[in-house]
Amino acid sequence: MDSKAHVCTVYLLLLFAFTSEALPNTFDVTKYGAKAGSDITKALLSAWKEGCAAAGSGKVVVPKGKYFLGVVDLIGPCKGAMHLQVEGTLVAPAKASQHSKNSWVTLRYLDRLTVSGGGAFDGQGEIAWERAHCGDRCKTPLPINLRFDFVTNSIVEDVTSIDSKQFHVNVLGSKNLTFQRFSVKAPGHSLNTDGIHIGRSEGINIINSNIVTGDDCISIGQGSKQVRITNVRCGHGHGISVGSLGKYEKEEPVSGIYVKNCTIYDTDNGVRIKTWPALYGGTASNIHFEDIVMQNVSNPIIIDQMYCPWNLCNRKKPSKVQISDVSFKNIQGSSRTPTAVQITCSSSVPCKDIVLSNVNLKYTGSKGSAKSVCTNVKPRIIGKLIPGGC
C-alpha cells in the first residue's frame, strides 16, 4: 500500500470510529465561568474532568474570543472519545518562569481524541527566544506549546500553534495520530521551535499542513516508525529532519519514514538525516523523500553524520549510527549554496543503499559552480543528477 492510500485508510477508520458513537456530551467552558479576556484555566480543567468522566463521548468547547490559559494537563483515559474544540485563541503565560514544567498544554493517555475548531494556541515566545541563547546554562526548561503523550487513534486538525517558547508540538509514545490542516506560525529568529517533533511513536501522519518556524519544520527522533508527511509547506527554519540520532545510549531504531509532495522554502536545510559522531550506535532505514520542491534552500539534500552543534562532541571519531535504504526521488528547485547535495556518511559504518533519482537543483548564487559531494558512500544514480559529482 502506498503512503497516500495508507493515510486515507487511517483517516477513514478514525472518522468511522468517531462518528459511529452517539452524539457527544458538550461541555462549554463558559458554563464553568470562562469569559473572554480572562484566565480560564480552572474552567477548562473542570469542563475536561466532567467530559472525560461522562458516559459516551465528550466535547469540550472553547468559543471564539481571546482567553488566557495557565499550564494544563488534560489527562485520560476517558470513558469515551474526547473532542477538544478550540474556536478562540488561548494565550500562554508570557514568562517561562510562570510555567511549572516544560510544557504548556499536555494531552496524555487518550484514545480517540479530536482537537479542532479553527482556533489557536499562542505561546508568547518572544521573551523566551532571547533567553534560549544561554544554552545549557538555562536551568528552567522552556515550555512546549502542545504535548501529545501516549495518544492513540486520534486527529488534530484546523488549529494553529503560534510563537511557542520551545517546540510547538511534541509527540511521544503515540500511535495512529494524524495532523491535518495544522498550522505553525513563528518568525525565523525563534530558536529551538521545531514545528512537530516525533519520538518513540508509530503511525504518525502529517498532511495538508503549513509550518513556518525558526527550527525544523518536522523533526523525527529515535523510535519513530511509519511516519508519513504529505503535502506540507515548510518555511524559514531548518527543513524536515530525521535526527539527530546517536546522542544517547540504546536509542530505538528509526524506520519507515515517507516524505512526499512537499515544498520547502527559505530554509537552512531541505531534507536532512543527521547523526552525532563518536557517541552511540543505532539505525535509520527505509527513509524516502519524493516529489519535493526546494525554493532558495541552503542545503537541499543532506546526510550529515558529523552533526556536532556547539562543538559538544569529538569530531575525530566517526558516527556509530548505520543509515541504509534511503532514497531522494524527483527533488527539484534552487540552492542558495554551491553544494546542493551533500552526503557525508560515517567512515566506521558507511551508508548503504542510497539512491538519488531525478534530482535537479540549481545554484542561484555567484560563488562558483553547483556541485554534489558524497563521502564514504557511492549512491546509486537513477535518471539525472544535477549537479553531478557523486
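Serine 346 counts as buried in this predicted model, because its relative accessibility is 2%, below the 20% limit for that class. Its place is in the loop that runs between strand S25 (339–344) and strand S26 (352–363). Once neighbours within four places in sequence are left aside, serine 346 is in contact with Gln305, Pro318, Ser319 and Asn376. The side chain of serine 346 also takes part in the polar contacts listed here.

| Side chain | Backbone atom reached | Distance |
|---|---|---|
| Serine 346 | Oxygen of serine 319 | 2.6 Å |
| Serine 346 | Nitrogen of serine 348 | 3.1 Å |

Leucine 113, which belongs to strand S8 (residues 113–116), counts as buried because its relative accessibility is 1%. Between leucine 113 and valine 159 there are 14 Å from C-alpha to C-alpha, with the two residues standing 46 residues apart in sequence.

The largest nonpolar core of the model comprises 87 residues, and those with the most contacts inside it are Trp48, Phe148, Phe179, Ile218, Ile229, Phe289 and Phe328. Strand S22, spanning residues 281–297, gives the most to this core, contributing 6 residues.

Which residues is isoleucine 229 in contact with, leaving aside its neighbours within four places in sequence? They are Ile206, Ile218, Ile220, Ile240, Tyr258, Val259, Lys260 and Cys262. Ile218, one of these contacts, is also listed with Ile229 among the residues that have the most contacts inside the core.

Notes:
Residues are numbered from 1 along each chain as its sequence is written. This is a predicted model: local features need pLDDT of at least 70, side-chain atom pairs count only at pLDDT 80 or more; totals for chains, interfaces and linings use all residues. Side-chain values use heavy atoms; hydrogens and water are left out. A nonpolar core is a set of buried Ala, Val, Leu, Ile, Met, Phe, Trp, Tyr and Cys residues joined through side-chain atoms within 4.5 Å. Buried means under 20% relative accessible area, exposed over 50%, partly exposed in between (1.4 Å probe, protein chains only). Helices (H or I, at least four residues) and strands (E, at least two) are DSSP runs, numbered from the N terminus. Contact means heavy atoms within 4.5 Å. A polar contact is a pair of N or O atoms within 3.5 Å; within protein, one must be able to donate a hydrogen and the other to accept it, and residues adjacent in sequence count only if both atoms are side-chain atoms.
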